[in-house]
Amino acid sequence: MWILSLLKPDPPLASHFMPGKIHRVPAGCALFEEGDAGDTMYILTHGSAEISSPARAVEPLGPGAIVGELGLVAPGPRPATVKARQDCEFVAVDARSFQDIVRDNPAFALEVMRSLARRLPATPQG
């Protein structure tokens with residue numbers, strides 16, 4: 001997926017992704033769980049994972065997938081769990097990094113909006 005090209009060393013956006021923002025999640029463990037506080041989104045760079053909640057079918061995730069994007073728009077409890085199927089690496093994107101990335105590459109914002117629009121109908125409204 002083209003989003004992964006943003007994370008490679010050469011593109012200008014790679015400077016927004018510091019090594020401390022990489023989260024390694026072993027197979028079978030959760031990146032975050034439903035109900036956890038959330039204000040950060042993540043991009044899956046290696047491995048496979050899944051999104052699950054009682055209100056939706058399991059959604060498989062592969063490299064390039066965006067998760068937790070709702071936390072940037074409306075920080076609060078996570079509406080679903082993201083669990084690693086294989087050992088995974090995720091890059092964390094906080095609100096400030098997101099703004100910087102979008103300023104440099106508006107297409108990234110569009111991809112996040114598409115992801116959010118796809119998932120919102122399945123998100124329980126509080």
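Biologist: Which residues does Thr81 touch, not counting residues up to four places away in sequence?

Modeller: Contact means heavy atoms within 4.5 Å. On that basis, Thr81 touches Ala30, Phe32, Glu33, Glu34, Glu50, Ile51 and Ser52. Please note that this is a predicted model, in which local features need pLDDT of at least 70 and side-chain atom pairs count only at pLDDT 80 or more, while totals for chains, interfaces and linings use all residues. Residues are numbered from 1 along each chain as its sequence is written, and side-chain values use heavy atoms, with hydrogens and water left out.

Biologist: Where is Thr81 found, and is Thr81 buried or exposed?

Modeller: Strands (E, at least two residues) and helices (H or I, at least four) are DSSP runs, numbered from the N terminus. Thr81 belongs to strand β9, residues 81-84. Buried means under 20% relative accessible area, exposed over 50%, and partly exposed in between, with a 1.4 Å probe and protein chains only. Thr81 has a relative accessible area of 15%, and is therefore buried. A polar atom of its side chain lies 2.9 Å from the backbone nitrogen of Glu34.

Biologist: What joins the side chains of Lys21 and Ser97?

Modeller: A polar contact is a pair of N or O atoms within 3.5 Å; within protein, one must be able to donate a hydrogen and the other to accept it, and residues adjacent in sequence count only if both atoms are side-chain atoms. The side chains of Lys21 and Ser97 are joined by such a contact, of 2.4 Å. Lys21 is placed in the loop between α1 (2-5) and β1, and counts as buried because its relative accessibility is 19%. From C-alpha to C-alpha, Lys21 and Phe90 are 8.2 Å apart in space, although 69 residues apart in sequence.

Biologist: Which residue stands opposite Phe90, and how do the strands pair?

Modeller: Two strands pair if DSSP finds at least two bridges between them. Leu44 stands opposite Phe90 in β10. Strand β4 (residues 41-46) and strand β10 (residues 88-93) pair in the antiparallel sense over 5 bridges.

Biologist: What is the order of the strands in the open sheet?

Modeller: The 4 strands run in the order β1-β10-β4-β7, with antiparallel pairing. At the edges stand β1 (22-25) and β7 (66-67), each with a single partner strand, so one side of each has no neighbour in the sheet.
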